[in-house]
Amino acid sequence: MRERAQVGVLAMVAAAAVAAGCGGGDDSGVGTTARDSAETTTQPTMTSASPDTAADDVAQGNPGSKPADAATTVKVQQVANAYAQAIGRRDWAGACATRAPAERRSIARDSGGTCAGAMALVFDGKPVETIGRLRAGAVFTRHGRASVQLALPGEQPAMKVVAEPVGGRWYLVDVPDDQAP
């Protein structure tokens with residue numbers, strides 16, 4: 001089971017790196033929204049993206065998605081930015097804290113350990129500093145979920161994350177592309 005969880009997370013990391021235009025040997029090391037979570041109580045530092053630091057006008061979203069309202073936009077950008085910043089700092093518990101509680105339990109069960117341990121293993125030796133500089137852009141919603149693309153300032157989006165509210169707070173979740181806003 002541990003290998004299945006690791007392979008899934010590694011596949012998502014590789015896909016995001018390709019989408020970001022990262023090649024071997026550079027310092028880009030972009031990650032994604034794989035089911036990379038386990039129990040943790042650490043709360044990440046949350047910061048908001050601004051239009052001049054994010055790719056917020058990029059057309060995104062599946063059919064039927066619509067731009068999020070202002071309150072949802074702020075909350076989803078905060079959790080997406082917190083995730084990226086935590087990965088960039090190698091703060092695996094902080095990155096896991098942005099994930100939905102059910103996903104944290106699932107990854108702990110599947111990996112035979114914790115979310116933080118699984119993320120540390122997946123990102124071991126990878127240059128993740130660039131991920132910490134990604135900023136969330138425009139937020140789209142559909143069927144109770146929200147999606148946002150993250151990009152380096154002035155660059156094309158490098159990765160897309162999906163969030164949903166759980167107990168009044170937005171968390172990142174892993175869903176199939178056709179179920180994402």
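The legends below describe close-up views of a predicted model of one protein chain.

Residues are numbered from 1 along each chain as its sequence is written, and side-chain values use heavy atoms, with hydrogens and water left out. Because the model is predicted, local features need pLDDT of at least 70 and side-chain atom pairs count only at pLDDT 80 or more, while totals for chains, interfaces and linings use all residues.

**View 1. The protein chain has five helices and five strands.** Helices (H or I, at least four residues) and strands (E, at least two) are DSSP runs, numbered from the N terminus. From that end, the elements follow the order α-β-α-α-α-α-β-β-β-β. Of the 181 residues, 51% count as buried; buried means under 20% relative accessible area, exposed over 50%, and partly exposed in between, with a 1.4 Å probe and protein chains only. Contacts (heavy atoms within 4.5 Å) between residues at least 6 apart in sequence join residues at least 24 apart in 73% of cases. The accessible surface is about 8100 Å², and carbon and sulfur atoms account for 54% of this surface. Accessible areas come from the Shrake-Rupley method with a 1.4 Å probe; for residues, only the protein chains shown count as cover.

**View 2. Five strands form an open sheet with antiparallel pairing.** Strand order in the sheet is β1-β2-β3-β4-β5. The edges are β1 (66–67) and β5 (169–173); each has a single partner strand, so one side of each is left without a neighbour in the sheet. Two strands pair if DSSP finds at least two bridges between them. Strands of a sheet pair through backbone hydrogen bonds, either parallel or antiparallel.

**View 3. Strand β3 is largely enclosed by the rest of the structure, because seven of its seven residues are buried.** From β3, R145, S147, Q149 and A151 point one way. A146, V148 and L150 point the other way, and the residues of both groups are all buried. On one side, β3 pairs with β2 in the antiparallel sense over six bridges, and S147 of β3 stands opposite F140. Six bridges also join β3 to β4, again antiparallel, with L150 opposite M159 in β4.

**View 4. Strands β4 (residues 157–166) and β5 are antiparallel and joined by five bridges.** V162 stands opposite V173 in β5.

**View 5. Helix α2 (residues 70–88) lies across β2, β3, β4 and β5.** The helix runs at about 130° to β2 (135–142). Axes are lines fitted to C-alpha atoms, for helices over the stretch in contact, and angles run from 0 to 180 degrees between N-to-C directions.

**View 6. Two hairpins involve β3, one with β2 and one with β4.** The hairpin of β2 and β3 has two residues between the strands. H143 lies in this loop and has a positive phi of about 55° although it is not a glycine. At 72% relative accessibility, H143 counts as exposed. The hairpin of β3 and β4 has five residues between the strands, and G154 takes a positive phi near 80° there.

**View 7. R90 has a positive phi of about 60° and is not a glycine.** Most residues other than glycine have a negative phi. R90 lies in the loop between α2 and α3 (92–97). With 33% relative accessibility, R90 counts as partly exposed.
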